[in-house]
Structures are given as structure tokens and as C-alpha cells.
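Colleague: I have a few minutes before class. Can you put the structure up and walk me through it?
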Amino acid sequence: MALVNSERSKAGCSALTLNAKLSKAAQAHSADMASHQNMSHTGSDGSDPGQRITSAGYSWSSYGENVAYGYSTPEQVMAGWMSSPGHRENILNCSFKEIGVGLAQPGDYWTQDFGTAR
């Protein structure tokens, strides 16, 4: 989260706060990807990020999701996301206010779920 907020600060965005419900959704999705060895925004049950975030109890007006696989450190995964236009856009979206982060093994499956509550 500190790495995300550092990048947001450089872009003039406010810092994100950690949200337990977004973290629950992110961790569950990372665990699902690791257990199925499949990196995707679609869960093994066919769910999309909005459905997973809602199921975790987060009432959102907007959300975003970043996923990654195979990066062994937070610094490496952030560098990868910042090099990707779509992922970078989520990180630097000033309208997002909260974040949840997940990491699951084996394989280093990462999820960031961003949200703005309703």
C-alpha cells in the first residue's frame, strides 16, 4: 500500500486507505488464482471483480482490479503494474479512495482491489 500511495502522491492523488472488505475480496481472488494456477480477472466460479467485491460486503460506486503473477516482491509487482497502461491507470485513478491487497502461494498471485464506497 505504501508503494501505491507513493506513486499516487507523485501524480497528485490522495492516499488510499486500507479497507478490510476489499482486502478480503483481493485475498480470496489471489487464493483462487493460485489454487487453479490461472491469472485472470474472472474467478474460477465465473465471477468478475465487481461481484467478488460486492460479495465481500463492500458497497461500491466504482472499483478497479489489478492482478499479477510471478513477481516475488512488492517492488517488482508494482514496477510491472506501473509499466502497464491499464494497471497504472487504476493505481493513479484519483477517484479511488480505498484499497485491498491479496497475495497467495504457490506462484506469487497478486491482487489489488480499488474502490470508492457508495
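Modeller: A term before we start: contact, or touching, means heavy atoms within 4.5 Å. Also keep in mind that this is a predicted model.

Colleague: Fine. Which residues does Y109 touch, leaving out those up to four places away in sequence?
Modeller: With those left out, Y109 touches S30, M33, A34, Q37, N38, M39, A68, Y69, G102, L103 and A104.

Colleague: And where is the place of Y109?
Modeller: Y109 sits in strand β4.

Colleague: Is Y109 buried or exposed?
Modeller: Buried means under 20% relative accessible area. Y109 has 4%, so Y109 is buried.

Colleague: What about the rest of β4, how many of its nine residues are buried?
Modeller: Eight of them are, so β4 is largely enclosed by the rest of the structure.

Colleague: How far is Y109 from E65, in sequence and in space?
Modeller: They are 44 residues apart in sequence, and their C-alpha atoms are 13 Å apart in space.

Colleague: Now the sheet. In what order do the strands come?
Modeller: The order is β1-β3-β4-β2, four strands in an open sheet with mixed pairing. The edges are β1 and β2 (60–69), each pairing on one side only.

Colleague: Which way do β2 and β4 pair?
Modeller: In the antiparallel sense, over nine bridges. As one example, Y63 has G115 in β4 as its bridge partner.

Colleague: And how many bridges join β3 to β4?
Modeller: Seven, and those two strands run antiparallel as well. There, G102 has T111 in β4 as its bridge partner. β3 and β4 also make a hairpin, with four residues between them. In that turn, G107 has a positive phi of about 105°.

Colleague: That leaves β1 and β3. Do they run parallel or antiparallel?
Modeller: Parallel, joined by two bridges. L18 has I99 in β3 as its bridge partner.

Colleague: What does α4 touch when it packs on the sheet?
Modeller: It touches β2 and β4, and the direction of α4 makes about 65° with that of β4.

Colleague: Which residues make up the largest nonpolar core?
Modeller: There are twelve: V4, L16, A68, V77, M78, W81, M82, I91, F96, I99, W110 and F114. The largest share, four residues, comes from α4.

Colleague: Change of topic. How many disulfides does a search of the whole structure find?
Modeller: One. C13 and C94 form it, with their sulfur atoms 1.9 Å apart. The pair links distant parts of the chain, 81 residues apart. C13 is in the loop between α1 (2–10) and β1 (17–18), and C94 is in the loop between α5 (85–91) and β3 (98–104).

Colleague: Is the disulfide left-handed or right-handed, and why?
Modeller: Left-handed, because the torsion about the S-S bond is about -75°.

Colleague: Last one. What does UniProt list for residues 2–114?
Modeller: An unreviewed UniProt entry lists them as "domain: SCP". Over residues 2–114 the chain is 43% helix and 22% strand, with the end C-alpha atoms 14 Å apart.

Note on methods
Residues numbered from 1 in each chain as written. Predicted model: local features only at pLDDT ≥ 70, side-chain atom pairs only at ≥ 80, totals over all residues. Heavy atoms only, no water. Disulfide = S-S within 2.5 Å. Core = buried A, V, L, I, M, F, W, Y, C linked by side-chain atoms within 4.5 Å. Buried < 20%, exposed > 50% of the residue type's maximum accessible area, 1.4 Å probe, protein only. UniProt positions renumbered as here; feature names shortened; annotations may be inferred. Pairing = 2+ DSSP bridges. Axes fitted to C-alpha atoms, helices over the stretch in contact; angles between N-to-C directions.
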